[in-house]
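Please look at the sequence and the model first.

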Amino acid sequence: MSTTDDAPAHVTPTVALIADPAPLGLAAFALTTFLLSVVNAGFAKTSTGSDWLGYAFAYGGLVQLLAGMWEFKNRNVFGSTAFSTYGAFWIGLGLWAVLVAPHALNAAAGTHDLGWILLAFAIFNTYMLIFSTQLNAAVFTVFLTLELTEIFLAIGGLANNANITKIGGIIGIITAVAAWYASAAGVINGMKGGIVVPVGRPLLDFKTRTAIGQ
């Protein structure tokens, strides 16, 4: 068949691309984690101790959840799972602080609540930590320090041990710094279209199988 002016031209379908939402999600996670961690570490003694709460809803919660939804658009199963889960974590923690904590029978009951919550998220974070080895060293560092943060805070909450909670808070600050670094690297590397700020190589390379037994 010949092509004529009357024949419709072949149109290649295009996919609408969006900017990488990971730097935004990491920044939202970092800031809210920092605000709560300085309280847990005992560094914010002259503050109300609740400055993190509004940002748990607005930034660490809503914005990070949005980043997770945009990662679905990018077909990024790791990013969509991580950001959506931790966005919901901050919203849920904020709701707990507003709706549940004021009605706790005593302070110990409240810290036990937090201990169980952090233990549950530490379980989730464990397999995300393992899978983060497939990405880069910067993201792995975020999940490694987050794992330690959640473990120490879970133990501190369940044991009513303020000293262990403080350690968890200090590690939480380190987690926030690691997340800010990964976020900053994502921003400038995305702007320049190449590596400006290094994030490191994947630590491991899992092999896939095409069929059972192969």
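A pocket is, on a 1 Å grid over the protein atoms alone, an open set of points where a 1.4 Å probe fits, with protein on both sides within 12 Å along at least five of seven lines; lining residues have an atom within 4 Å of a point. Grid points are joined across faces, edges and corners, and a volume is the space filled by probe spheres set on the points. The model is predicted: local features need pLDDT of at least 70 and side-chain atom pairs pLDDT 80 or more, while totals for chains, interfaces and linings use all residues. Residues are numbered from 1 along each chain as its sequence is written, and side-chain values use heavy atoms, without hydrogens or water.

- The largest pocket holds about 740 Å³ of space.
- Its lining has 36 residues, with Leu36, Asn40, Leu114, Leu153 and Thr165 closest to the centre.
- Two or more lining residues come from each of α1 (22-40), α3 (77-100), α4 (107-132), α5 (137-158) and α6 (162-192); helices are DSSP runs of H or I, at least four residues, numbered from the N terminus.
- By class, this lining has 18 nonpolar, 16 polar and two charged residues (Ala, Val, Leu, Ile, Met, Phe, Trp, Tyr, Cys and Pro count as nonpolar, Asp, Glu, Lys and Arg as charged, the others, Gly among them, as polar).
- The second largest pocket has about 440 Å³ of space, and Ala22, Leu26, Phe83, Leu135 and Val139 lie nearest its centre among 27 lining residues.
- The lining of the second largest pocket comprises 18 nonpolar, seven polar and two charged residues.

**Nonpolar core**

- A nonpolar core is a set of buried Ala, Val, Leu, Ile, Met, Phe, Trp, Tyr and Cys residues joined through side-chain atoms within 4.5 Å; buried means under 20% relative accessible area, exposed over 50%, partly exposed in between (1.4 Å probe, protein chains only).
- The largest core has 31 residues, and Phe29, Trp52, Tyr86, Trp90, Leu93 and Phe143 have the most contacts inside it.
- Helix α3 gives the most to this core, nine residues.
- Beyond four places in sequence, Phe143 has contacts (heavy atoms within 4.5 Å) that include Phe78, Tyr86 and Met128.

**Ala30**

- Ala30 lies in helix α1 and counts as buried because its relative accessibility is 0%.
- Ala30 and Ala179 are 149 residues apart in sequence, with C-alpha atoms 5.3 Å apart.

**Charge pairing**

- One salt bridge is found in the whole structure (a side-chain nitrogen of Lys or Arg within 4 Å of a carboxyl oxygen of Asp or Glu).
- Lys207 and Asp205 form this bridge, their closest N and O atoms being 3.3 Å apart, and both residues are exposed.
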